Amino acid sequence: MAAATARADYPDRPIKLIIPFAAGGVYDAVGRPWADKMGTTLGTLVPENRGGGGGSLGAAAVATAAPDGYTLLLGGFGPNVVSPLSATAKTYDPIKDFAPIALIAKGPFAVIVNPSVPAKTLAELIAYARSHPGTLSYATAGVGSGNHLAGELMKSLAGLPDIAHVPYKGAGPLLNDVVGGHVPIGTPTLNAQILELHRAGKVRVLAITGPKRLAGAPDIPAAAETLPGLLAENFLMLFAPPGTPRAIIERIHAASQKALAYEDLEKAFAAGGLEAVHDSNPESAAKLLANELARWTPVVQAAGLRR
């Protein structure tokens, strides 16, 4: 009876939202405004940045948290797909140790170059790389990051194994060195900053790795238009610890659907190259996660990614 009463009164105190990356990244840009909107229907969500290990430290904390609805994870492609597939010492099972609630947002990675690179399209970049073997490199936010997987998939599909990978500790240093010309190519997560740099001529976005062009940037082609199969999306998904009561999962899901209906939140996501997802539920989120794990396993194995 006490447990039933607790569920009926849920929530009766603030809910902790673990954002498994340092402040300032795409997870922060989604998690904080979304949490603010959640407060209008669910109650107070307190975002807590807990970075490290490609998102695995924050994810592991939620995997072992009490299943009472008061600790949630804004996880996704990095912490729930890339990290567990590339980890040498696994600290959680991406399927068994989380209860998916809903997909919140998704967005592509971008293939960018310094303006000194004589390529204005992805096809031209591939041709240039083939004519200059062993001379090019590409930057990512770290070994085993989503950017890394997107870059390795591009190399594999284009038959360009000798483009060297240059890992950085985050997207900021990555962008600084591509803008500065220290690394000619980058595969960062698309965001508002990259679009601004593109429009200012400081980098050139050759393609995005989503299934179609963005409504906010229709001039930038989808990579699959040139290289079929180059599809890689950074998705952000909400999780609870395993064993969280279904009634609580449904309460959080309903509140999230209402939060995502705010037009200003959707516009903020779109400005950063992200799409708010309105039709997700626990079942479809779980299916997406399983499909992504299956799709990326051979890519991780072929690239020999270990972290």
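**Exercise 1. Which helix gives the most residues to the lining of the largest pocket?**

The model is predicted: local features need pLDDT of at least 70, side-chain atom pairs count only at pLDDT 80 or more, and totals for chains, interfaces and linings use all residues. Residues are numbered from 1 along each chain as its sequence is written, and side-chain values use heavy atoms, with hydrogens and water left out.

Step 1. A pocket is an open set of points on a 1 Å grid over the protein atoms alone, where a 1.4 Å probe fits, with protein on both sides within 12 Å along at least five of seven lines; lining residues have an atom within 4 Å of a point. Helices (H or I, at least four residues) and strands (E, at least two) are DSSP runs, numbered from the N terminus.

Step 2. Look at the space. The largest pocket holds about 980 Å³, a volume being the space filled by probe spheres set on the points. It is lined by 44 residues, and those closest to its centre are Phe21, Gly25, Ala141, Gly170 and Ala171.

Step 3. List the helices. At least two lining residues each come from H2 (26–38), H4, H6 (146–158), H7 (171–179), H8 (192–199) and H10 (263–271).

Step 4. Pick out the answer. Helix H2 gives the most, with five residues.

**Exercise 2. Into how many nonpolar, polar and charged residues does the lining of the second largest pocket divide?**

Step 1. Locate this pocket. Its volume is about 370 Å³. Of its 21 lining residues, the closest to the centre are Leu214, Ala215, Gly216, Leu274 and Glu275. Two or more lining residues come from each of E4 (99–108), H8, H10 and E11 (275–276).

Step 2. Sort by type. Ala, Val, Leu, Ile, Met, Phe, Trp, Tyr, Cys and Pro count as nonpolar, Asp, Glu, Lys and Arg as charged, and the others, Gly among them, as polar.

Step 3. Read off the division. The second largest pocket has 10 nonpolar, four polar and seven charged lining residues. For the largest pocket the division is 22 nonpolar, 20 polar and two charged.

**Exercise 3. Is Lys155 buried or exposed?**

Step 1. State the cut-offs. Buried means under 20% relative accessible area, exposed over 50%, and partly exposed in between (1.4 Å probe, protein chains only).

Step 2. Apply them. Lys155, in helix H6, has a relative accessible area of 10%, so it is buried. Arg199, in helix H8, has 55% and is therefore exposed.

Step 3. Not counting residues up to four places away in sequence, Lys155 touches Tyr138, Leu160, Pro161 and Ile163. With neighbours within four places left aside, Arg199 is in contact with Gly216 and Ala217.

**Exercise 4. Why is the pair of Tyr10 and Tyr70 edge-to-face?**

Step 1. State the rule. Rings of Phe, Tyr and Trp (its six-membered ring) pair if their centres lie within 6.5 Å; planes under 30 degrees apart count as stacked, over 60 as edge-to-face and the rest as tilted.

Step 2. Apply it. The structure holds seven aromatic pairs. In the pair of Tyr10 and Tyr70 the centres are 5.2 Å apart and the planes stand at 65 degrees, so it is edge-to-face.

Step 3. Tyr10 lies in the loop between H1 (2–9) and E1 and Tyr70 in the loop between H3 and E3, so the pair ties together parts that are 60 residues apart in sequence. Both Tyr10 and Tyr70 are buried.

Technical notes. Contact = heavy atoms within 4.5 Å.
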